[in-house]
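Open the model in your viewer and keep the selection tool at hand. We will go from one stop to the next.

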Amino acid sequence: MSSEEGKLFVGGLNFNTDEQALEDHFSSFGPISEVVVVKDGETQRSRGFGFITFTNPEHASDAMRAMDGGSLDGRQIHVDHAGKSARGSRGGAFGAHGRGRSYSRGGGD
């Protein structure tokens with residue numbers, strides 16, 4: 001449970017940002033136990049977000065306050081506690097961008 005308390009969601013990542021760059025950017029706040037940049041299952045390209053787990057939840061909170069809205073690899077990033085459901089944990093992150101739009105370029109309706 002304590003690892004979940006120390007887990008942060010990081011969104012808005014540059015597609016070239018990897019785990020090492022993410023860890024380097026956040027490591028000044030304290031020891032990190034895990035860094036994941038989420039990748040597309042087929043292309044293995046970054047999906048533009050990831051997770052960082054600090055060994056101490058207080059370090060995670062400090063990092064969130066300091067880094068939310070900051071810049072990493074030329075992009076403004078959004079940092080929040082991973083367990084928060086304010087945006088909706090089931091696809092809510094795409095709600096503002098994907099609702100009412102079709103991203104497929106097939107010959108459908």
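Start with Phe49. This residue is buried, with a relative accessible area of 17%. Keep in mind that the model is a predicted one.

Ring pairs link Phe9, Phe49 and Phe51 into a cluster. The structure holds three aromatic pairs. Phe9 and Phe51 form one that is edge-to-face, at 5.9 Å centre to centre and 65° between the planes. Phe9 lies in strand S1 and Phe51 in strand S3, so this pair ties together parts 42 residues apart in sequence. Phe9 counts as buried because its relative accessibility is 17%, under the 20% limit. Phe51 is partly exposed, at 22%. The rings of Phe49 and Phe51 are also edge-to-face, with centres 6.2 Å apart and planes at 85°.

Select Lys7 next. Its charged end sits over the ring of Phe51, 5.0 Å from the ring centre.

Show strands S2 (residues 32–39) and S3 (residues 46–54). They run antiparallel, joined by six bridges. Together they form a hairpin with six residues between them. Pick Gln44 in the turn: its phi is positive, about 65°. Then pick Val37, which stands opposite Gly50 in S3.

From Val37, move to Thr17, which touches Val37 as well as Leu22, Leu72 and Asp73. Thr17 is in the loop between strand S1 (7–11) and helix H2 (19–26). Is Thr17 buried or exposed? Thr17 is buried, at 3% relative accessibility. Its side chain makes a polar contact with the side chain of Asp73, at 2.6 Å.

Last stop: Arg45. Its charged end sits over the ring of Phe15, 5.5 Å from the ring centre.

Definitions and conventions
Residues numbered from 1 in each chain as written. Predicted model: local features only at pLDDT ≥ 70, side-chain atom pairs only at ≥ 80, totals over all residues. Heavy atoms only, no water. Helix = DSSP H or I, 4+ residues; strand = E, 2+ residues; numbered from the N terminus. Buried < 20%, exposed > 50% of the residue type's maximum accessible area, 1.4 Å probe, protein only. Polar contact = N/O pair within 3.5 Å; in protein donor to acceptor, adjacent residues only side chain to side chain. Contact = heavy atoms within 4.5 Å. Pairing = 2+ DSSP bridges. Phe/Tyr/Trp six-rings, centres within 6.5 Å; stacked < 30°, edge-to-face > 60°. Lys NZ or Arg CZ within 6 Å of the ring centre and 35° of its normal. Lists of a residue's contacts leave out its neighbours within four places in sequence.
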